[in-house]
Amino acid sequence: REYVRQNTPKEWPELLWLLSTIEDEPLGPLAVLPLASCAAVSENLLEAIPVAAAWEVFNLAMRILDDLEDQDDNNALWTVVGLPRAFNFAGALYALCNKMLVAAPWSPSKYKIINQEFIRAAMRLAAGQDRDLRATTYSLENYWQTIEDKNASAFELACTAGAICGTTNDTLISACRTFGHHLGIVIQLFDDFEGIWEPTRISDLVRGKITLPIIYGLTTIHNRQEELQRLITNGNFTSSSDQILEILDSIHTRDFMIWTALQERERALKALVVCPGKSGVTALAAYISTMFAHIEDAIK
């Protein structure tokens, strides 16, 4: 928080207001990831504070852009300040994220490597989001490519950059990258699950959005596959949402989603075996395992 405050331009009060969600309000667990990744490979986790701060600001920028593109949240920033100003804020936050990296007390070589990770993640996120916005994801292969770019790359960034702060050991850095990759996929799987069965915003079915549950129903052989294909092809998800849900439940799609998420969690935890820092490994393992705390309720 202090690092964010130190690097925030004081002459822009509206930006200070926006950043109060990071600087003053209760934070979620996002900042844990680079810090814990650093602790998993090294004892000096203070080196990762600039990454944790930049990662929080980077995430805020991405959330604003995501809300702008999806427009499915009535409480999003753009509903308060308008579309043009929300876009402007997102651009400013990305610039501020880079300012925080430049200000970090690292060697020039470490800064260059970490900066490259942020740039690579930003490009992959944009490519994945563009693919999602084009609505061309109808196969499992295309879906997986989209979420690897759109979601997994962001969490790869947090864990990889955090690890780079603590070590130059490629094996350990790769372990944290792999953990972040699978963590990001788990988060997207839960997001897809909630978007259909437990929506907090406009449901994915009402929005006509194709996510993994729909793709699973379209690509798995079952006696209502053609019926589901017809409903999806017609494009009127809103009037057919109950029927689509019935079909998905009849082929145990919820079980498939949870099973897939569990496989990703196991791959994430397996990657951490080589990491020597017990406190960091424990924190990362807890981060991904806590998501499954109420798994029984989700598949009832």
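The largest cavity in this structure holds about 90 Å³ of space. This is a predicted model, so let me give the ground rules: local features need pLDDT of at least 70, side-chain atom pairs count only at pLDDT 80 or more, and totals for chains, interfaces and linings use all residues. Residues are numbered from 1 along each chain as its sequence is written, and side-chain values use heavy atoms, with hydrogens and water left out.

Back to the cavity. Rolling a probe the size of a water molecule over the atoms shows where empty space is left. Here we use a 1 Å grid over the protein atoms alone. A cavity is a set of points where a 1.4 Å probe fits but cannot get out. A pocket is an open set with protein on both sides within 12 Å along at least five of seven lines. Lining residues have an atom within 4 Å of a point. Points are joined across faces, edges and corners, and a volume is the space filled by probe spheres set on them.

How many cavities of 30 Å³ or more are there? The count is 1. Its lining has 11 residues, and Asp132, Tyr143, Thr146, Ile147 and Ile210 are the closest to the centre. Helix α8 gives the most to this lining, with 4 residues. A word on names: helices are DSSP runs of H or I, at least four residues, and strands are runs of E, at least two, numbered from the N terminus. By class, the cavity lining has 3 nonpolar, 4 polar and 4 charged residues. Nonpolar means Ala, Val, Leu, Ile, Met, Phe, Trp, Tyr, Cys and Pro; charged means Asp, Glu, Lys and Arg; the others, Gly among them, are polar.

Next, the largest pocket. Its volume is about 1400 Å³. It is lined by 42 residues, with Arg63, Asp66, Asn151, Gln188 and Asp191 nearest its centre. Which helix gives the most? That is α4, with 11 residues. The pocket lining splits into 21 nonpolar, 7 polar and 14 charged residues.

Now helix packing. Axes are lines fitted to C-alpha atoms, for helices over the stretch in contact, and angles run from 0 to 180 degrees between N-to-C directions. Helices α8 (140–166) and α9 (170–197) pack at about 135 degrees, axes 7 Å apart. They are therefore oblique to each other. Helices α6 and α7 pack at about 165 degrees, axes 10 Å apart. That pair is therefore roughly antiparallel. The cut-offs: under 35 degrees is roughly parallel, over 145 roughly antiparallel, 65 to 115 roughly perpendicular, the rest oblique.

Last topic: charge pairs. Side chains of opposite charge can pair when their charged atoms come close. A salt bridge is a side-chain nitrogen of Lys or Arg within 4 Å of a carboxyl oxygen of Asp or Glu. The count is 18 salt bridges. One of them joins Arg207 and Asp70, at 3.5 Å, N to O. Arg207 sits in helix α10 and Asp70 in helix α4, 137 residues apart.
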